[in-house]
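Please examine the structure before reading the points below.

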Amino acid sequence: MFAVIALICQLFVFFAVTIAALNDEVDNKFAIFIAWLAVAVPTVWIALAVLQ
């Protein structure tokens, strides 16, 4: 149950960072890309843990 709650929270953060990356007002796209990777990796890891 904890993994499902963690996945829901992680997906919210993932989509928030993705929407920020798509925003044209962000100047430093490289920093957003690094933040997106830092969020995407644990999201996949938690999703795989939930699916087991």
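**Helix packing and aromatic pairs**

W36 has a relative accessibility of 29%, so this residue counts as partly exposed. The model discussed here is predicted.

**Aromatic rings**

- The structure holds 2 aromatic pairs.
- One of them joins F14 and F15 in an edge-to-face arrangement, with 5.5 Å from centre to centre and 65 degrees between the planes; angles over 60 degrees count as edge-to-face.
- F14 also forms an aromatic pair with W36, which is tilted, at 5.6 Å centre to centre and 45 degrees between the planes.
- F14 belongs to helix α1 (residues 2–22) and W36 to helix α2 (residues 29–51), so their pair ties together parts 22 residues apart in sequence.
- Through these ring pairs, F14, F15 and W36 are linked into a cluster.
- F14 counts as buried because its relative accessibility is 17%, and the cut-off for buried is under 20%.

**The two helices**

- The axes of α1 and α2 come within 9 Å and cross at roughly 155 degrees.
- Angles over 145 degrees count as roughly antiparallel, and α1 and α2 are therefore roughly antiparallel to each other.
- The crossing of α1 and α2 is left-handed.
- Residues of α1 that meet α2 include L7, L11, F14 and V17, while those on the α2 side include I32, W36, V39 and I46.
- The residues of this contact between α1 and α2 comprise 19 nonpolar, 3 polar and 1 charged.

Note on methods
Residues are numbered from 1 along each chain as its sequence is written. This is a predicted model: local features need pLDDT of at least 70, side-chain atom pairs count only at pLDDT 80 or more; totals for chains, interfaces and linings use all residues. Side-chain values use heavy atoms; hydrogens and water are left out. Rings of Phe, Tyr and Trp (its six-membered ring) pair if their centres lie within 6.5 Å; planes under 30 degrees apart count as stacked, over 60 as edge-to-face and the rest as tilted. Buried means under 20% relative accessible area, exposed over 50%, partly exposed in between (1.4 Å probe, protein chains only). Helices (H or I, at least four residues) and strands (E, at least two) are DSSP runs, numbered from the N terminus. Axes are lines fitted to C-alpha atoms, for helices over the stretch in contact, and angles run from 0 to 180 degrees between N-to-C directions. Angles under 35 degrees count as roughly parallel, over 145 as roughly antiparallel, 65 to 115 as roughly perpendicular and the rest as oblique. A crossing is left-handed if the near helix is turned anticlockwise from the far one by less than a right angle, and right-handed if clockwise. Contact means heavy atoms within 4.5 Å. Ala, Val, Leu, Ile, Met, Phe, Trp, Tyr, Cys and Pro count as nonpolar, Asp, Glu, Lys and Arg as charged, and the others, Gly among them, as polar.
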